[in-house]
Amino acid sequence: MAAPAFAADHLVRDQGAYAAAVKKAAPGDRIVLADGEWRDFQIVFTGTGIADKPITLTAQTPGKVVIAGKSNLRIGGKHLVVSNLVFRGGFSPTKELIALRRDSKTIASDTRLTGIVVDNFTNPDRRAEDIWVAIYGADNRVDHSWFAGKGNAGVTLAVIRPKGQPQANRARIDHNYFGPRPPLGSNGGETIRIGTSDESLSDSKTVIERNWFEKCDGEVEIVSIKSGGNVIRGNMIVESQGAIVLRHGNGNLVERNIFLGKGKPSTGGIRVINRDQMVRDNYLEGVTGTSFLSAIAVMNGVPNSVINRYHQVANARIERNSIIEAARITFGAGADAERTAPPVDSRFERNLIVNADGKDIVRNEGDVSGIAMAGNVAGAMKLARAANGLLYPADAAVDAGAPRDLVPLKREEAGPDWYAKDAPAAAAGRQIEAPAQADALAKAVAASAPGDTIRMAPGVHRVLGPVAVAHPLTIDGPREAVIESLGVTLFQLFPGGSLTLRGVTLSGAEATGTSRNALVRAPQAVSTYNYRVTLDDVSVRDLTAPNFDVYAAMPGTFAEKVEIRGSSFAKVSGAVVAAVSETGSKGLYSAEQIEITDNSFAEVATIADVARLGTDESTFGPRFVMTGNAVTRGGKVRLSGVQSVEIARNRFAEASGIEIANSVGAPVVRISDNRFAATPEPKVTKLYPQGSPDVVMAGNIVVGRP
């Protein structure tokens with residue numbers, strides 16, 4: 001886009017002056033918002049510029065105009081530019097924060113968004129769905145902008161192709177920084193989506209080029225392509241759970257992208273569906289995903305598929321990609337009773353597949369005779385890191401893998417250069433003493449700040465509760481520090497709160513609740529703040545009131561991790577981990593990762609009750625690990641819809657057993673090297689014909705009869 005020739009600047013200081021300036025703006029004019037906070041500002045920016053004289057809406061000083069509160073931006077017209085605005089400290093009151101249309105009749109075209117920042121401008125209800133940037137019309141560009149912290153449902157940036165409007169968009173999305181997006185725990189957490197299934201058989205011709213994706217973990221599709229003729233080129237995908245997915249549409253090109261998983265769980269690559277897809281010259285290192293999240297996943301299709309299911313792969317070309325230290329390449333991914341159409345007329349050529357241990361990472365889940373293999377190089381070999389930071393065969397004669405002239409995008413080249421990508425380092429927390437006195441714990445928590453540690457003195461701390469925890473906090477003490485819960489909830493998390501309990505003893509012998517008690521309860525208000533709960537070297541005893549849980553999830557909230565290690569539990573009437581609060585069928589669940597290691601459980605009704613219902617395939621978890629524990633009497637483990645299960649090296653005696661129901665996707669279940677004495681053998685079932693569970697039970701010892 002040519003540099004604009006400005007005719008006049010209109011500096012405006014309030015919303016009324018802005019509205020007047022828009023009405024009289026002519027080609028080449030700039031409307032300049034004065035520095036400061038503009039709160040509850042629903043901006044409508046319309047006009048008709050010309051190619052070399054666009055009408056511009058901008059900030060007086062980049063980074064010093066903050067749009068806050070319940071605000072949004074609608075743009076309609078031609079040859080318009082919006083630049084250097086920051087959206088922070090609020091959320092959109094409508095379904096689209098920035099919409100490249102004023103209404104259905106006034107669409108934006110030849111319009112540019114540049115230097116836009118959307119920083120945690122997220123609806124506090126994680127279930128409320130909105131789109132941060134909705135691109136309508138044709139020949140629009142979004143560049144050098146910054147998007148991070150979307151915690152509610154909805155795509156970060158979408159090219160909208162309404163039903164009945166199959167025209168090409170020719171959108172350009174380049175040099176943007178897509179920063180951390182936490183796991184949503186349901187479908188609808190894509191970072192970019194191009195189209196929907198309705199018009200997916202026509203071409204959008206959008207280019208997604210030279211963007212930086214960092215920790216974009218919303219769901220399994222980081223970039224969801226639902227149209228044809230698009231180009232995804234030269235992007236950096238760094239420590240991001242998910243994949244680039246050619247979900248609908250034909251004739252897309254994915255080339256010269258760099259995926260750096262760095263060993264992070266569920267980091268994926270490129271998933272291929274539909275016709276005429278080209279995947280070439282990409283570099284993937286350290287990605288850990290399997291099945292749909294494999295470095296390369298070529299899916300099985302549905303015969304005569306309806307438009308919103310899975311069309312058969314045909315004429316795919318996958319060539320000259322480097323796949324280094326990856327967990328899996330999957331052909332025929334998703335093959336099941338519905339997806340029975342294998343790839344046809346496709347080629348997998350001159351790809352480089354290297355793992356240090358020489359392990360074969362290719363898995364065929366269906367008929368792969370329709371994929372011709374030629375010139376691929378696989379196995380252990382010596383690699384050297386080149387000047388561009390990437391690994392290549394030390395032997396230059398190896399004619400396979402990504403080209404040596406790849407130029408990785410630098411982090412500083414993405415987004416505006418005036419807005420920092422990294423949050424300020426957190427200050428070291430203080431230590432606050434809590435004597436064994438009435439209300440001392442509650443007072444110490446109320447006086448604490450994020451990152452503080454409350455040190456419990458030896459003695460009995462009787463707490464009526466609930467103690468409100470609204471920021472990350474550690475409560476530490478010796479086992480002689482006994483916290484007695486007298487109410488229904490001991491620690492109540494609020495949005496932004498996380499809790500670590502270390503060393504102390506927790507007792508419920510004096511609790512008065514008669515319904516559903518809990519020592520630690522998730523936020524009760526729907527929240528986009530993900531949280532963590534850790535119990536480390538604690539003793540929990542006498543939770544004998546009816547249905548007394550240790551940790552209880554709540555609907556509409558989400559735990560990144562629940563970790564219980566080196567602790568002892570005796571006489572618990574409920575569940576140590578109760579994560580069954582989401583009861584709908586859309587794939588919602590309560591906790592991403594649950595780890596239970598090296599604990600003892602005696603007369604505990606349930607160790608873990610975890611559920612993810614429905615058949616949606618767009619999420620990563622839950623992940624459940626239970627290793628090195630001793631379970632005596634009781635201790636039911638009930639898991640439904642969990643995507644990754646490891647239960648190993650535990651000892652069960654007179655226990656209630658393990659029940660696992662697989663319901664969606666390609667769950668991995670590993671139950672190994674456990675000892676079951678007078679305990680039922682693990683029961684693993686499949687609830688629906690969809691999905692392909694991978695179940696291994698090995699090395700277990702069963703003695704006695706339950």
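Gly218 counts as buried because its relative accessibility is 3%; buried means under 20% relative accessible area, exposed over 50%, and partly exposed in between, with a 1.4 Å probe and protein chains only. The model is predicted: local features need pLDDT of at least 70, side-chain atom pairs count only at pLDDT 80 or more, and totals for chains, interfaces and linings use all residues. Residues are numbered from 1 along each chain as its sequence is written, and side-chain values use heavy atoms, with hydrogens and water left out.

Gly218 sits in the loop between β23 (212-214) and β24 (221-226). Helices (H or I, at least four residues) and strands (E, at least two) are DSSP runs, numbered from the N terminus. Contact means heavy atoms within 4.5 Å. Apart from its neighbours within four places in sequence, Gly218 is in contact with Arg181, Pro182, Pro183, Leu184, Gly185, Ser186, Gly189 and Phe620. The C-alpha atoms of Gly218 and Asn152 are separated by 9.4 Å, and the two residues are 66 residues apart along the chain.

**Other loop residues**

Asn674 is another loop residue, placed between β66 (668-672) and β67 (675-677). Is Asn674 buried or exposed? Asn674 counts as buried, because its relative accessibility is 1%. Leaving aside neighbours within four places in sequence, its contacts are Ile647, Ala648, Arg649, Asn650, Phe652, Gly699, Asn700 and Ile701.

Glu239 belongs to the loop between β26 (236-238) and β27 (242-248). At 24% relative accessibility, Glu239 counts as partly exposed. Not counting residues up to four places away in sequence, Glu239 touches Lys215, Asp217, Leu260, Gly261, Lys262, Lys264 and Thr267.

Asn308 is found in the loop between β33 (296-299) and β34 (317-319). Its relative accessible area is 43%, so Asn308 is partly exposed. With neighbours within four places in sequence left aside, Asn308 is in contact with Ser197, Arg247 and His248.

| Pair | Apart in sequence | C-alpha to C-alpha |
|---|---|---|
| Gly218 and Asn152 | 66 residues | 9.4 Å |
| Asn674 and Asp52 | 622 residues | 72 Å |
| Glu239 and Gly261 | 22 residues | 4.7 Å |
| Asn308 and Val238 | 70 residues | 29 Å |

**Backbone angles**

Most residues other than glycine have a negative phi, and most peptide bonds are trans. Asp40, which is not a glycine, has a positive phi, near 50 degrees. Asp40 lies in the loop between β3 (36-39) and β4 (42-48), and counts as partly exposed because its relative accessibility is 44%. Asp439 also is not a glycine and has a positive phi, of about 65 degrees. The loop that holds Asp439 runs between β44 (431-434) and α2 (440-446).

Which residues does a cis peptide bond join? The cis bond joins Gly621 and Pro622, with omega about 0 degrees. Pro622 is in the loop between β60 (600-611) and β61 (623-627).

**Helix α1**

Helix α1 covers residues 15-24, and Tyr18, Ala21 and Val22 are buried in it. Seen down the axis of α1, the buried residues fall within an arc of 100 degrees, so they line one face of the helix; the arc is that of the directions from the helix axis to the C-beta atoms. Gly16, Lys23 and Lys24, on the other side of α1, are exposed. What do the buried residues of α1 pack against? They pack against β1 (9-12), β2 (30-33), β4 and β5 (55-59).

**The protein as a whole**

The protein has 2 helices and 70 strands. Its C-alpha trace spans about 80 × 65 × 45 Å along the principal axes. The radius of gyration is 27 Å, which agrees with the value near 27 Å for a compact globule of 706 residues. This radius is taken over C-alpha atoms, and the globule rule is 2.2 Å times the number of residues to the power 0.38.

Of the 706 residues, 58% count as buried. Among contacts between residues at least 6 apart in sequence, 73% join residues at least 24 apart. The protein exposes about 26100 Å², of which carbon and sulfur atoms supply 49%; accessible areas come from the Shrake-Rupley method with a 1.4 Å probe, and for residues only the protein chains shown count as cover.
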